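Colleague: I'm new to this one. Could you walk me through it?

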There are 2 protein chains.
Amino acid sequence: MALTVALAQVNPRVGDLSGNAAIVRNFSKKASELGASLVAFPEMVLTGYPIEDLCLRKSFQDASKKALNQLAKDLVLDGLKGLTVVVGYLDSTGEKASLGVPAGGPQNAAAVIRNGEVIAKYIKHHLPNYGVFDEYRYFVPGTENCSFEVEGVKVSLAICEDIWQDGGPVSQIAQLKSDLLIVINGSPYEYGKDDTRLQLVQKRAKEVNAPLAYVNMVGGQDELVFDGDSIVVNTDGSIANRASQFVEEIILFEVEPKKPISQSLVRKRSNDLEEVYQALVVGLRDYVLKNNMESVVLGLSGGIDSALVAAIAVDALGANNVYGVSMPSPYSSEHSVSDAKDLATRTGLNYRSVPIKPMFDAYQSSLSLKGLAEENLQARLRGMTLMAISNQEGHLVLATGNKSELAVGYSTIYGDAVGGFAPIKDVPKTLVWELSKWRNKQEGNPPIPESSITKEPSAELRPGQLDTDSLPDYEKLDPMINAYVEQDQGAFEMATKGIDKSLIEKVLKLIDQAEYKRRQYPPGTKISSKAFGRDRRQPITNSWRESL
Amino acid sequence: MALTVALAQVNPRVGDLSGNAAIVRNFSKKASELGASLVAFPEMVLTGYPIEDLCLRKSFQDASKKALNQLAKDLVLDGLKGLTVVVGYLDSTGEKASLGVPAGGPQNAAAVIRNGEVIAKYIKHHLPNYGVFDEYRYFVPGTENCSFEVEGVKVSLAICEDIWQDGGPVSQIAQLKSDLLIVINGSPYEYGKDDTRLQLVQKRAKEVNAPLAYVNMVGGQDELVFDGDSIVVNTDGSIANRASQFVEEIILFEVEPKKPISQSLVRKRSNDLEEVYQALVVGLRDYVLKNNMESVVLGLSGGIDSALVAAIAVDALGANNVYGVSMPSPYSSEHSVSDAKDLATRTGLNYRSVPIKPMFDAYQSSLSLKGLAEENLQARLRGMTLMAISNQEGHLVLATGNKSELAVGYSTIYGDAVGGFAPIKDVPKTLVWELSKWRNKQEGNPPIPESSITKEPSAELRPGQLDTDSLPDYEKLDPMINAYVEQDQGAFEMATKGIDKSLIEKVLKLIDQAEYKRRQYPPGTKISSKAFGRDRRQPITNSWRESL
């Protein structure tokens with residue numbers, strides 16, 4: 001007799017306890033209808049993830065525990081009495097706080113529900129505290145193992161980071177001689193991470209000498225996007241199942257003690273560009289919808305950044321929910337307006353033009369600004385125009401800046417940096433071009449005007465201005481940003497790789513000095529391990545720089 | 001023979017290795033001239049504190065270790081060969097990273113220098129990871145004790161959090177039977193914290209059965225301000241020395257084994273209002289100077305917030321470095337201009353007026369904004385004006401918002417929230433009034449116009465507008481913000497304290513929804529444990545709220 005197990009790769013919403021419980025009930029029903037006796041949901045599916053300081057509120061801890069008990073009862077009402085359901089939720093020790101451990105003793109937990117009751121519990125052992133993770137700051141770790149039986153099959157549990165640590169609970173779990181290890185996860189998407197994940201899962205299956213079922217969440221939450229990619233591997237590392245990326249899905253498999261799991265559904269992987277594009281679409285869509293909004297507005301400069309953001313927004317929300325505004329100044333080229341119009345026609349987004357000359361003249365007659373102050377003024381007049389339209393009509397403003405310009409501070413704070421969400425803020429300029437070309441090659445009418453892809457990048461804030469007046473070519477700049485920011489390489493290390501010394505000094509200075517702007521930049525989907533924002537923490541006042 | 005010990009309460013600068021080494025040399029010389037054979041400096045004095053992600057750079061770790069060895073040599077050149085010097089710095093294990101422990105194994109360390117060499121080392125055991133601290137994220141903890149002898153006196157070392165943990169290294173140090181425990185600290189100022197600190201130091205001195213010398217840094221670093229308040233207590237808890245708050249200072253005392261330290265210098269404590277005001281002045285001054293700027297510009301509305309910020313700025317930087325701009329609109333009252341002028345006259349700051357009507361008309365003829373969009377437009381026209389003046393003339397823009405309006409979102413993003421630093425962003429409105437009254441009672445001409453203190457708060461963005469149209473009285477609001485934000489109380493808990501239920505629902509909703517604005521707010525001096533900003537981490541998308 002084989003046990004049928006379902007992994008439910010779902011999209012919860014932070015704080016929405018009743019909505020998330022409804023998702024669990026809905027997918028439990030589906031799993032049961034598909035013949036499953038056991039269904040597993042992602043890490044902290046009941047609360048959403050990551051909940052940050054919310055976990056420190058006793059009232060939220062209590063609400064999470066109450067929601068778990070209610071869920072157990074509701075599953076019985078749903079006629080799912082015999083189904084075994086594994087859900088992640090927020091528990092707490094209930095003990096008083098001690099220094100270093102926050103009040104209330106919050107715990108990242110998993111519950112096993114059957115017959116209207118919680119029949120087993122597991123508390124996460126290893127709490128990641130790097131990159132986007134701050135779990136050691138929040139949670140009290142667990143120390144116990146957890147296993148339970150379903151139809152004669154012995155199942156053990158672990159949560160996410162537990163299997164990323166060598167010598168972690170995996171070695172203890174191996175002692176338990178389980179027939180299946182289920183790992184529930186909230187593992188955010190990162191460029192290229194799916195390969196690492198598969199290798200890890202294969203390695204751990206061998207170590208515990210049992211098949212391993214890895215279930216991950218999908219969907220955007222603030223700056224993170226979860227890609228799903230749930231996997232079932234056999235003891236020998238062979239892939240039995242693999243779910244899609246970025247969509248809700250159930251995968252089903254059959255477990256019999258001592259026998260390998262037969263291969264059923266194994267979805268094809270997306271290629272790297274497709275994967276990043278999907279992450280950006282899902283990240284934007286969920287940010288807008290989970291904030292109870294419907295539509296977005298953005299400035300269309302005719303350039304590649306705003307064109308790519310418009311294409312992503314149209315794919316995420318539909319053209320009728322995207323509002324583009326051309327805001328030409330006396331320094332704008334003719335193609336900046338014609339390319340913006342062309343983009344609007346290709347995508348079908350709502351288009352209007354608001355020239356900024358009258359506002360520019362009003363400011364200049366009061367303040368007579370020159371140079372950089374005059375350039376920034378134009379960017380800010382545009383930012384204000386977008387915010388005014390947003391306030392008047394209720395659209396979320398999208399900032400269209402990319403990672404390269406954000407890194408070196410080549411943007412105007414309160415100008416083009418204005419927005420509620422910055423979809424491509426973690427996408428380097430060279431990748432902006434690649435993604436645009438990739439998107440244009442997909443089925444249907446190419447959304448992005450060819451001329452936006454091929455023209456020389458320019459902020460058009462003074463006559464004849466080009467990005468290369470102030471910055472090295474993006475083909476040179478992007479690898480330097482990667483080396484310094486993502487790899488934490490120093491100036492000397494970069495110099496040994498043949499990069500010009502004066503260029504290193506210039507670029508590192510720009511990156512160090514732009515910290516203040518980045519701290520006030522709107523959130524945006526992260527696709528790399530050291531995206532700017534909360535997970536890269538730099539002092540604003542820092543006088544250290546290596547000199548070569 | 002008694003040993004003369006000096007505690008050097010100094011103001012280092014993050015990343016400025018050579019500048020900080022110069023401070024150590026300078027104060028070591030002074031200490032030696034005063035007769036000291038041993039001088040102790042604060043935690044991480046060589047690198048400044050907190051250095052955040054800088055510690056992950058191998059090149060910075062290497063630079064810190066190199067700076068330490070150079071310092072040892074330079075002290076000999078300074079003729080201080082025999083002086084024993086205790087300094088905090090960044091060390092590293094040099095090992096490879098493992099998951100959960102960042103690359104390079106950075107360590108929060110103390111070195112004991114004598115005769116041009118490091119004669120002993122101590123690595124911090126307990127790494128705080130709450131509130132403003134993220135040390136467990138960064139550092140690899142130490143496990144060893146450290147003691148050394150100077151002129152027959154046995155001295156042990158600990159770093160900051162080590163003594164905040166019960167059962168920490170303190171119990172091991174007690175075994176060492178030292179004649180003196182030196183604790184070096186980077187302990188930021190917090191309203192009322194000096195009392196807690198004294199009690200803790202007294203308790204630990206008893207536990208280790210030795211006098212305890214606590215040396216802390218002073219000065220502002222980004223959002224933190226360190227208040228000094230270095231203390232020497234005897235085994236019985238009696239205070240032998242206590243330094244001033246917020247200024248660099250050396251305190252000197254004599255240690256003889258088995259004998260109590262005689263009382264010498266014990267500075268009087270500031271009262272609570274004086275202490276907060278000093279923290280705000282020092283926080284602003286160091287933010288400006290450590291960012292290599294000299295002057296600030298701010299909007300003067302005639303209201304109490306901008307008046308208090310102007311007074312703080314004048315006390316921090318001198319009136320000639322403060323630029324105030326009145327920006328009246330057609331909705332501005334007459335007193336908004338006259339009170340602003342009066343403030344300028346009283347303080348001597350540089351004053352000008354830039355009416356915003358021409359810019360307002362230019363926008364309105366293009367966009368015909370109504371309601372909130374029209375109100376926000378005015379605030380944004382002012383923000384842009386200040387940024388334009390900043391870009392043109394080189395002053396740092398100060399945002400004048402207080403904690404109460406920031407908490408409930410009663411401010412315009414890209415409008416009055418514009419700025420490089422927000423001096424009173426952690427000061428609730430009721431405390432703004434108290435501080436203003438306190439400042440006006442000090443020696444000299446009262447800087448703040450009486451009418452700014454007594455008038456009803458208004459944003460003046462529509463005719464007859466008052467804050468109380470949208471918000472409860474600040475006397476009611478501020479305790480609610482304190483309960484919900486600082487104490488993490490829930491709605492039910494607040495309701496049991498007699499607060500009206502509909503008011504709780506309204507205010508909690510406002511606070512939850514304002515998260516997005518707060519995330520884009522400029523940095524500002526923190527005076528409380530859960531100031532908004534990086535140390536209070538909320539999901540932007542959060543649909544959870546208790547309903548009563």
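Colleague: What should I know before I start?

Modeller: This is a predicted model, where local features need pLDDT of at least 70, side-chain atom pairs count only at pLDDT 80 or more, and totals for chains, interfaces and linings use all residues. Residues are numbered from 1 along each chain as its sequence is written, chains are lettered from A and ligands numbered from 1 in the order in which they are written, and side-chain values use heavy atoms, leaving out hydrogens and water.

Colleague: Switching topic: how is chain A divided?

Modeller: Into domain 1 (3-256) and domain 2 (275-519), with bounds from an automatic or database domain assignment. Their contact (heavy atoms within 4.5 Å) takes 15 residues from domain 1 of chain A and 13 from domain 2 of chain A. The centres of these two domains, taken over C-alpha atoms, are 38 Å apart.

Colleague: What does UniProt list as "binding site" in chain A?

Modeller: The unreviewed entry lists A:Tyr130, A:Ser187 and A:Lys193; such annotations may be inferred rather than shown by experiment. The same label in the unreviewed entry also covers A:Asn376, A:Glu405 and A:Lys517.

Colleague: Is A:Ser187 buried or exposed?

Modeller: A:Ser187 is buried, at 2% relative accessible area (buried is under 20%, exposed over 50%, partly exposed in between, with a 1.4 Å probe and protein chains only). By contrast, A:Tyr130 counts as partly exposed at 25%.

Colleague: What does A:Ser187 touch?

Modeller: Leaving out residues up to four places away in sequence, its contacts include A:Lys193, A:Arg197 and A:Asp227.

Colleague: And A:Asn376, what does that one touch?

Modeller: A:Thr412 and B:Asn391, again not counting residues up to four places away in sequence. A:Asn376 is buried, with a relative accessible area of 9%.

Colleague: Last one: how buried is A:Glu405?

Modeller: A:Glu405 is buried as well, with a relative accessible area of 9%.
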